Amino acid sequence: MVNDARKEKIRETLTNYLVGNNYRKTPERYAILDAVCDFKGHFTLDALEELLETRNFRVSKATLYNAMKLFIKLRLVVRHRFIGQTKYELCHDDDDHIHQVCTLCGKETEISAPEVKQAIEQTRYKRFRKDGFTLYIYGVCSSCQSRLTRKTNKKKSKNNNTQKE
């Protein structure tokens, strides 16, 4: 969720692009953008559609997809393809993202890793200007790891009991 001043700056970016490229400034685009600004963190298109419906603003899937495609092009929104799902997120002033993604349950968490950010900032790029980065670290979350450990221990216990008989 962004404050009103940031939301106006985001809306202004959209307006400047639409006017500069002779596109219509439709109420649907602005309603979708406002809804995107009201999310905190990641969201799905279904969640976005539900939020718009609670505001009595219905849009077709095509309009939703086209608006998101435009917002991604303008770097207002970033698309994340996590395991088995696509989620979106409003771009912030700090576009650098590091996510840890559980390969079992699909849970994703944004983490802070100053050492990684510093290493990327200090990297010299050849004939390339970096605007931001997204890093995905895949593994198993603590909840899934606990579940796996309990399952393994249960299996071992069961095997030990059958061997004793």
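Predicted model: local features only at pLDDT ≥ 70, side-chain atom pairs only at ≥ 80, totals over all residues.

Me: Thanks. How many helices and strands does the chain have?

Reply: The secondary structure of the chain consists of 6 helices and 5 strands. Starting at the N terminus, the order of the elements is α-α-α-α-β-β-β-β-α-β-α.

Me: And is the chain spread out or compact?

Reply: The chain is more spread out than a compact globule, because its radius of gyration is 22 Å, well over the 15 Å that the globule rule gives for 165 residues. The C-alpha trace spans about 80 × 45 × 25 Å along its principal axes.

Me: What share of the residues is buried?

Reply: Buried residues account for 33% of the 165 residues in the chain. As for the accessible surface, it comes to about 11400 Å², and 48% of that belongs to carbon and sulfur atoms.

Me: On to the inside, then. Which residues touch the most other members of the largest nonpolar core?

Reply: They are Leu14, Ile32, Leu48, Met68 and Phe71, in a core of 28 residues. At least two core residues come from each of helix 1 (4-20), helix 2 (27-37), helix 3 (45-54), helix 4 (61-73) and strand 2 (85-90).

Me: Which of these supplies the largest share?

Reply: Helix 2 does, with 7 residues of the core.

Me: Let me pick Met68. What does Met68 touch?

Reply: Leaving aside residues up to four places away in sequence, Met68 touches Ile32, Val36, Phe43, Leu45, Leu48, Val77 and Tyr88.

Me: Changing topic: how many charged side chains are there, positive and negative?

Reply: The chain carries 32 positive and 21 negative side chains. The centres of the two sets lie 8 Å apart.

Me: Now the loops. Where is Asn22 found?

Reply: Asn22 sits in the loop between helix 1 and helix 2. Its phi is near 55°, a positive value in a residue other than glycine.

Me: Is Asn22 buried or exposed?

Reply: Asn22 has 74% relative accessibility, so it counts as exposed.

Me: What about Asn56, and where is that one?

Reply: Asn56 lies in the loop between helix 3 and helix 4. Although Asn56 is not a glycine, it has a positive phi of about 55°. With a relative accessibility of 71%, Asn56 counts as exposed.

Conventions: Residues numbered from 1 in each chain as written. Heavy atoms only, no water. Core = buried A, V, L, I, M, F, W, Y, C linked by side-chain atoms within 4.5 Å. Buried < 20%, exposed > 50% of the residue type's maximum accessible area, 1.4 Å probe, protein only. Helix = DSSP H or I, 4+ residues; strand = E, 2+ residues; numbered from the N terminus. Contact = heavy atoms within 4.5 Å. Rg over C-alpha atoms; globule rule 2.2 N^0.38 Å. Areas by Shrake-Rupley, 256 points an atom, 1.4 Å probe, with all protein chains shown as cover. Lys, Arg positive; Asp, Glu negative; His and termini not counted. Charge placed at Lys NZ, Arg CZ, Asp CG, Glu CD.
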